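This briefing is intended for reading alongside the sequence and the structure. It treats the ligand site, the salt bridges and the sheet in turn.

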Amino acid sequence: MTLLEAKNIKKSFGNKFNRTDVLKGIDINLNRGEFVSIMGASGSGKTTLLNVLSSIDRVTSGQIYIDGTDFTSLKDKKLADFRKNDLGFIFQDYNLLDTLTVRENIMLPLAIRNMTKNEAAGHFEKVAGELGISELANKYPGQVSGGQAQRTSAARAFIHQPKIIFADEPTGALDSKSASDLLKKLQQLNSTLETSILMVTHDATASSFSHRVIFLKDGQVYTSLTRGDMTQESYYQEILDTQRVLGGVVEDAE
Ligand SMILES: Nc1ncnc2c1ncn2[C@@H]1O[C@H](COP(=O)(O)OP(=O)(O)O)[C@@H](O)[C@H]1O
Ligand SMILES: [Mg+2]
């Protein structure tokens, strides 16, 4: 049931003379097929946490197991392979390659696979269809809207059927209509493909699409909320209430 298990994660930056302790002992579990949000004030360590959980950055101490394997002890090459095969990423600023078409961008994660052209095309049709961007296939990122660019980026994250998708403020640059369109798609793909999603967001509306919200404060887990049988509206209200109790500057300026 547990897909990702992180134990006593610590992360510090700097050196012994000038050190910043950013993550101060975090335990997190993510179940297979679960969609979890991470919230917290600006500077509370959300991005740092996502980066170490997704193997973009290394922990200072602690273990992170995915499917039972502790990847914090893997060598760089193995870690890079693991990242390419098993993980998908969505960033706030889309991270699309401007010189590639929408289709080519989405197909990138398949480049490392032993796959026939037909198989790859099949994967593309399916995921582009789900995300409603099939007709944009031959356009370049500069020719599509922000919402379409982020759905392209989401298609790229899902195409190789990773175990987990990591998303850092995926709706941060979108208007509210494009944001909710994207979140509905993520929610839908999460439930049909059973791909787990871990999403950092400062937006209560965005996190109300997930199963569970983990709140960080000063590099530690402060509390969490599970949607359970709640309607999305009452879940949203609970998230807002928790943010209020958490205090501080909850709205990121990023
Ligand atoms: N590479 C780094 N070197 C030094 N300090 C860093 C680095 N990355 C992040 N920090 C510090 O860690 C803290 C948490 O940052 P971050 O994880 O980006 O927070 P959030 O995403 O919640 O806004 C901040 O005080 C930030 O300045
Ligand atoms: Mg951040």
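By about how much of the helix are Asp181 and Lys177 separated in helix H6 (residues 176-193)? They are four residues apart in that helix, so about one helical turn separates them. Helices (H or I, at least four residues) and strands (E, at least two) are DSSP runs, numbered from the N terminus.

The model is predicted: local features need pLDDT of at least 70, side-chain atom pairs count only at pLDDT 80 or more, and totals for chains, interfaces and linings use all residues. Residues are numbered from 1 along each chain as its sequence is written, chains are lettered from A and ligands numbered from 1 in the order in which they are written, and side-chain values use heavy atoms, with hydrogens and water left out.

**Ligand site**

- Oxygen atoms of ligand 1 lie 2.9 Å from a polar side-chain atom of Lys46, 3.0 Å from a polar side-chain atom of Thr47 and 3.1 Å from a polar backbone atom of Gly45.
- Taken alone, ligand 1 exposes 560 Å², and the protein buries 59% of that; accessible areas come from the Shrake-Rupley method with a 1.4 Å probe, and for residues only the protein chains shown count as cover.

**Salt bridges**

- The whole structure contains 10 salt bridges, each defined as a side-chain nitrogen of Lys or Arg within 4 Å of a carboxyl oxygen of Asp or Glu.
- Glu34 and Arg212 form one of them, with the closest N and O atoms 2.8 Å apart. Glu34 lies in the loop between strand E2 (19-31) and strand E3 (35-40), and Arg212 in strand E9 (residues 212-217), so the pair ties together parts that are 178 residues apart in sequence.
- Glu34 is buried at 12% relative accessibility, and Arg212 is buried at 16%. Buried means under 20% relative accessible area, exposed over 50%, and partly exposed in between (1.4 Å probe, protein chains only).
- Lys163 and Asp67 meet in a salt bridge of 3.0 Å, N to O. This pair links distant parts of the chain, 96 residues apart: Lys163 is in the loop between helix H5 (146-158) and strand E7 (164-168), and Asp67 is in the loop between strand E4 (61-66) and strand E5 (69-70).
- Lys163 is partly exposed at 28%, and Asp67 is partly exposed at 34%.
- Within helix H6, the side chains of Asp181 and Lys177 form a salt bridge of 2.8 Å, N to O. Asp181 is partly exposed, with a relative accessible area of 25%, whereas Lys177 is exposed at 54%.
- Salt bridges that share partners join Arg32, Asp67, Asp86 and Lys163 into one network.

**Sheet**

- Four strands form an open antiparallel sheet in the order E2-E1-E4-E5; two strands pair if DSSP finds at least two bridges between them.
- E2 and E5 stand at the edges with a single partner strand each, so one side of each is left without a neighbour in the sheet.
- Strand E1 (residues 2-14) runs antiparallel to E4 and is joined to E4 by five bridges. Lys10 has Ser61 in E4 as its bridge partner.

Definitions and conventions. Polar contact = N/O pair within 3.5 Å; in protein donor to acceptor, adjacent residues only side chain to side chain.
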